[in-house]
Amino acid sequence: MKYNEGANLDPSQVGGRSGGGGKIAIGGGAGVVVLILALLLGVNPGDLLGTDAQPGQQPGSSQAASSPFAQCTRGSDIGTDRNCRFVAYTNSIQDYWGDAVPDYQVIKVNTFTGQISTACGTATSEVGPFYCSGDTAVYLDLGFFDELTTKLGAQGGDAAEAYVLAHEFGHHVQDLEGTLRRVQGGSGGTGPTSPGVRLELQADCYAGVWFNHATNDPQSPISEVTQADLDDALDAAAAVGDDRIQKKMQGQVTPESWTHGSAANRQKWLTTGFTTGDPNACDTFAAGAVS
């Protein structure tokens, strides 16, 4: 990916905190350890995390004030501080959805290491990136991207990181649309066509939609998304496919315990979003959409 060095960045969208109560939506970068356990045990990954609300650090606290992203104000800052790319992704993703979704609510990405207390419970770095509906925030352990390449075999790269983050914002869009609440409030179980898998595949599709539009605005911090970038994103999507993880970790594939979808389906829906650029094309809940 290439960046617009003259673009203005808004670092306030990364590193903030808020409070509430809700459930975790495990996303494209579902925590390696949690997801593996879920696939082996055949349970919902969120059940392994707990949902008791815990007190969190509030905006204006020392953590927010000392954000490592505060200096990321221009696209050119990415050249001197690679952390600034997460501000660029976040700004671009939210700029797009702000135009595409009526009454879109801008949220924050909270980065952490080790452990963090959220409105969805206490999460450790083993959880990986996730969206919490209780405080409408994305939580991101930046160390996850090392696990994506070392444990799951993805090639990595900027577009792979952007895909994971865009997927989590896809869950925020689902939250605003009411889709997340309907699925999490049901009892659809697991499996290739379960509501939970359809939810994850739709978030993949929404990530692809953003990739399609990332460079439309001349003021966007993202200036170019190449085919090679899309290939990196597709490679990351495949790496977190249920079948790929199961084959790698247990030597066999058990579709009845899937919670996120196969590598092929994750790539299919990411591609659908990218090629159409249309959120309406992301209806993974339609009959026959997922097999």
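Colleague: Thanks! What percentage of the residues in the chain count as buried?

Modeller: Of the 291 residues, 55% count as buried. Keep in mind that this is a predicted model.

Colleague: Noted. How many helices and strands are there in the chain?

Modeller: The chain has ten helices and eight strands.

Colleague: And of the contacts between residues at least 6 apart in sequence, what percentage join residues at least 24 apart?

Modeller: That share is 77%.

Colleague: Let's talk charges. How many salt bridges does the structure hold?

Modeller: There are five. One of them pairs glutamate 224 with lysine 2, with 3.4 Å between the closest N and O atoms. Glutamate 224 sits in strand 8 (residues 222-224) and lysine 2 in strand 1 (residues 2-3), so this pair ties together parts that are 222 residues apart in sequence.

Colleague: Nice. Is glutamate 224 buried or partly exposed?

Modeller: Glutamate 224 counts as partly exposed, because its relative accessibility is 31% and buried would need a value under 20%.

Colleague: Which residues make the salt bridge with the 2.8 Å distance?

Modeller: That is aspartate 204 with arginine 266, where the closest N and O atoms are 2.8 Å apart. This pair also links distant parts of the chain: aspartate 204 belongs to helix 7 (residues 195-213) and arginine 266 to helix 10 (residues 263-276), 62 residues apart. Both aspartate 204 and arginine 266 are buried.

Colleague: Which residue does lysine 151 meet in a salt bridge?

Modeller: Its partner is glutamate 147, at 3.5 Å from N to O. Lysine 151 is partly exposed, with a relative accessible area of 39%.

Colleague: Back to helix 10 for a moment. What does glycine 273 touch?

Modeller: Glycine 273 is in helix 10 too. Leaving out residues up to four places away in sequence, it touches Cys205, Gly208, Val209, Asn212 and Asp278. With a relative accessibility of 0%, glycine 273 counts as buried. From glycine 273 to alanine 203 the C-alpha atoms are 9.6 Å apart in space, while the two residues are 70 apart in sequence.

Colleague: Where is glutamine 174?

Modeller: Glutamine 174 is in helix 5 (residues 158-177). It is buried, with a relative accessible area of 0%. Not counting residues up to four places away in sequence, glutamine 174 touches Thr179, Leu180, Leu199, Gln202, Ala203 and Tyr206.

Colleague: Changing topic: which residues gather in the patch of negative charge on the surface?

Modeller: Asp10, Asp95, Asp99 and Asp217 gather there. Aspartate 95, for one, is in helix 3 (residues 84-100) and is partly exposed at 44% relative accessible area.

Definitions and conventions. Residues numbered from 1 in each chain as written. Predicted model: local features only at pLDDT ≥ 70, side-chain atom pairs only at ≥ 80, totals over all residues. Heavy atoms only, no water. Patch = residues over 30% accessible without salt bridge, like charges linked within 9 Å, V, L, I, M, F, W, Y side chains within 5 Å. Areas by Shrake-Rupley, 256 points an atom, 1.4 Å probe, with all protein chains shown as cover. Salt bridge = Lys/Arg side-chain N within 4 Å of Asp/Glu carboxyl O. Lys, Arg positive; Asp, Glu negative; His and termini not counted. Charge placed at Lys NZ, Arg CZ, Asp CG, Glu CD. Helix = DSSP H or I, 4+ residues; strand = E, 2+ residues; numbered from the N terminus. Buried < 20%, exposed > 50% of the residue type's maximum accessible area, 1.4 Å probe, protein only. Contact = heavy atoms within 4.5 Å.
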